[in-house]
Every structure is written in structure tokens, then in C-alpha cells.
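Work through the exercises below with the model open. Try each task before reading its solution.

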Amino acid sequence: MIILFNKPYGVLCQFRPVAGRQTLKDYIDQPGVYAAGRLDADSEGLLVLTDDGIEQHRISHPQHKLPKTYFVQVEGTPDESVLARLRRGVTLNDGLTKPADIVFTGEPVWLWPRVPPVRYRKHIPTAWLQLTIREGRNRQVRRMTAAVGYPTLRLIRFAIGSWTIDGLPAGDWRLANDE
């Protein structure tokens, strides 16, 4: 069984309860499933869960190179030279990242309001990027955008491989039967 979950902001990627915090247990009532990969509490979007350990490994392990696509709102407006750096790979404290596919995009039309909202600063513009990576280091996208001088304000994982959150409201899940 594979479950696609659109994780809201602030939800922890674990089933074990934590006082004062929402976890997967608050949203998913299927016994025996585990997340194939993680999203930090400040990130939103697609989380894939499965009850099959081999499938979990295939989805989450970098050796299988499943692309992960994100919509990223950054502080400031990067120029094409900044995107070129991300396309080549960025040096982080744990080494050089693999090249990313990245393009400018507008705010997604399907985007739900975030609670709490991203802080608004009148004199600092923001930009939206669509970024695809093929590895999954801890907080990698956030660290990549910060390394090139454009901190991430909002991060939404839209797709892992061919699975997406298209049509899946935040906080909802569905089985990935024929996807």
C-alpha cells in the first residue's frame, strides 16, 4: 500500500505523539505504514508512506534517484546567474550537491493559505522557483537557497517521481493505486 499525504505546515513526520504538536497520527489512521523520506515541520506538501520496507527504501534512498520537485518561495529576487549556480550544484557543509533543475515560476494557482502565513515585508520582494533534485540531504533545498543568498520562506514538495499532490488538499491523503 502506498499513501500520498499532503502534509500541512507544522506537522511532524512521525506517528509518535508529541505534546502540543501535530503528527502523522493526527491525519493518517492506517496501521503499519511508515514515511518514505521526511519533510521538516516547516515544509509542506507530498509525503509518501508505505507498509512495504523494500518500497520504502526504493522511494527514499538517493541511489534510486527519484526526482523530487518543490515550489520554493525565496526572499529576494535571484537572477539567472544564481539559478545557474544551483543548476551546477552548490557546496554545502556536507559537500557539493548534485545539479538541480530550476526555473522561475509564479505563485502556484493551486496553493493553499499557510497557517501561520509567511511573514510579509513591504520592502523585500520574494520570488517563486520550481526546483527538482535527485538526492535528499537534510533540509537540502533550504540550505541550497541560503547558500546562494536567497533564504527559503516557504517550501512545498509537489512531486516525488510520478506521484504528486495535484488535487490533494493540505491535510488530506489518498491511496496511490494506479499512479
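**Exercise 1.** Classify Ile 59: buried or exposed?

*Solution.* Take the relative accessibility of Ile 59, which is 1%. Compare it with the cut-offs: buried is under 20% relative accessible area, exposed over 50%, partly exposed in between (1.4 Å probe, protein chains only). Ile 59 therefore counts as buried. Then list its contacts (heavy atoms within 4.5 Å). Leaving out residues up to four places away in sequence, Ile 59 touches Ala 36, Val 48, Leu 66, Ile 160 and Trp 163.

This is a predicted model: local features need pLDDT of at least 70, side-chain atom pairs count only at pLDDT 80 or more, and totals for chains, interfaces and linings use all residues. Residues are numbered from 1 along each chain as its sequence is written, and side-chain values use heavy atoms, without hydrogens and water.

**Exercise 2.** What is the geometry of the pair Phe 71 and Phe 158?

*Solution.* Rings of Phe, Tyr and Trp (its six-membered ring) pair if their centres lie within 6.5 Å; planes under 30 degrees apart are stacked, over 60 edge-to-face, the rest tilted. Here the centres are 5.7 Å apart and the planes at 90°, so the Phe 71 and Phe 158 pair is edge-to-face. Both Phe 71 and Phe 158 are buried.

**Exercise 3.** Which residues form one aromatic cluster?

*Solution.* The cluster consists of Phe 71, Trp 110, Trp 112 and Phe 158. Trp 110, at 30% relative accessibility, counts as partly exposed.
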